[in-house]
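Here are my notes on the model, point by point. Please read them with the structure open.

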2 protein chains.
Amino acid sequence: MTAQAAQGTLYLVPTPLDFGCGSETPIAEVLPQETLRVASRVGHWITENAKSTRAFLKRVDPSHPLVLPIQQLTITELPREVHKKGDHAGEFDAKPMLKAALAGHDMALVSEAGMPAVADPGSSVVRAAHDLGLRVVPLVGPVSLLLALAASGLNGQNFAFVGYLPQDAAARTQRLRELEALALKTGQTQLFIETPYRNPALWDALLRGLQNNTRLARASGLTLASMDVRCHSVQAWRKQPAGVSAQPTVFAIGK
Amino acid sequence: MTAQAAQGTLYLVPTPLDFGCGSETPIAEVLPQETLRVASRVGHWITENAKSTRAFLKRVDPSHPLVLPIQQLTITELPREVHKKGDHAGEFDAKPMLKAALAGHDMALVSEAGMPAVADPGSSVVRAAHDLGLRVVPLVGPVSLLLALAASGLNGQNFAFVGYLPQDAAARTQRLRELEALALKTGQTQLFIETPYRNPALWDALLRGLQNNTRLARASGLTLASMDVRCHSVQAWRKQPAGVSAQPTVFAIGK
């Protein structure tokens, strides 16, 4: 047996997009069997938030009994600075978090909702896994950005996700116009998100700052009963009363 | 009842990434229950390839019996020019394909593998659905680009997918250097794909054309037994013998 074969695997485990608010919905509605099976048998977890991870695992247990009682699982939170600054802003070394994998145990990385390391913390852990020569296996589940992109009807052959826009109104409008110019010039769809309570301010800025013919999409409640995905020209949006949801929403502009 | 409520919904149905080659694997391993249930009860399909859609539905049927025998489903292929040029290159009007939805029937859009309208045809159909005021609902399933991004450990807070690179060697190297410069300057991870038989030529170009410290990821066999995702500096890649797979592979560069 080689050293490689004796090491554990790092699994990336996606979670439902309801942030635990849809716990009446069976989790198998949005996560396939392979994802649930892996989640049930991993004993070492790295997470954005231990409480939400315990709540997630409690939802896995009825159909896929956990390998250990939740209290006996090892659940380690990413340091606060990784949440705040993002994995790529700092020089955080996550290798010490992967000791259990080096000792032969499978490990799992999760975030609060959706796919870890995509628009969420975790990439520092994945990077460390590659540096240590660990096997990295991403599992299937909901990814809000890609659900939103597909359902927008905007160009899915060339697209970018740029994260959050500036909070300052003038800087935000300037950034929006840069993104619009890029989308119109290159055809590259530009996706972004906002802290939900600021959605109405962003929506105002979009309707006021963008050109008439630019196409503007917004997707909220993805995978939930409240799901609402729409895409129209800015001109058409301006003609309809359309309050924006204060739940997590993905926005996109394109031509 | 309003006109809106009498219309059918357009569902975006993701399919396994094995292109039908893993038909021994139960489909519920990679598709959640909600996706399978919707797929089993929709009678009107729009697809890249009718043959692969029938093969897909044949795999859904054992656990989620289809509403009609496969031969009686309406399966309509997207026109060839949409495959070749992409939905956004032409001015293809897909509204006539959505007549059944206007008449009150739910419809489904699929591609050969993964999520329709993302790195695959279909966005013209989604756009037409929004223009007609239809409800659009994306369902959960495997999306190779996002599985690759998450598992790369590259920046997932700012990333772009740019499709295929030029085939001509000089033009390809120039484009690679542009993408590398963008990734190093802005921190935006750049993802791209290649026609599988050209993977070795692209891999050569990557190792020869990129800078030592640029991080380079490749992900092949996503969701399959052959899954292999690795990310190292270009310098580190050059030091190890690493033939590239001739199966579908996602490549990414970042810092």
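1. The face turned away from the buried side carries the exposed residues Ala170(A), Ala171(A), Glu178(A), Ala181(A) and Lys185(A).

2. This is a predicted model. Chain A averages a pLDDT of 92, and 96% of the residues score at least 70. The model has ipTM 0.94 and pTM 0.95.

3. Arg172(A), Leu176(A), Leu179(A), Glu180(A) and Ala183(A) are the buried residues of helix 8 of chain A. Seen down the helix axis, the buried residues fall within an arc of 105 degrees, so they line one face. Their cover includes strand 6 (159-164), strand 7 (189-193), helix 9 (199-209) and strand 10 (249-254) of chain A.

4. The length of helix 8 of chain A checks out. At 1.5 Å a residue, its 18 residues (169-186) should span 26 Å, and the end C-alpha atoms are 26 Å apart, which agrees. Just after the helix, Gly187(A) takes a positive phi of about 80 degrees.

5. Which strands make up the sheet, and in what order? Ten strands form an open, mixed sheet: 9(A)-8(A)-10(A)-7(A)-6(A)-6(B)-7(B)-10(B)-8(B)-9(B). Strand 9 (228-233) of chain A and strand 9 (228-233) of chain B are the edge strands, each pairing on one side only. The twist averages 15 degrees from one strand to the next.

6. In chain B, strand 7 (residues 189-193) and strand 10 (residues 249-254) pair antiparallel over four bridges. Ala252(B), in strand 10 of chain B, is the bridge partner of Leu191(B).

Technical notes
Residues numbered from 1 in each chain as written. Chains lettered and ligands numbered in written order. Predicted model: local features only at pLDDT ≥ 70, side-chain atom pairs only at ≥ 80, totals over all residues. Helix = DSSP H or I, 4+ residues; strand = E, 2+ residues; numbered from the N terminus. Expected span 1.5 Å × (residues − 1). Buried ≥ 20, exposed ≤ 12 C-beta atoms within 10 Å, placed from the backbone. Arc of directions from axis to C-beta. Contact = placed C-beta atoms within 7 Å. pLDDT = per-residue confidence, 0-100. Pairing = 2+ DSSP bridges. Axes fitted to C-alpha atoms, helices over the stretch in contact; angles between N-to-C directions.
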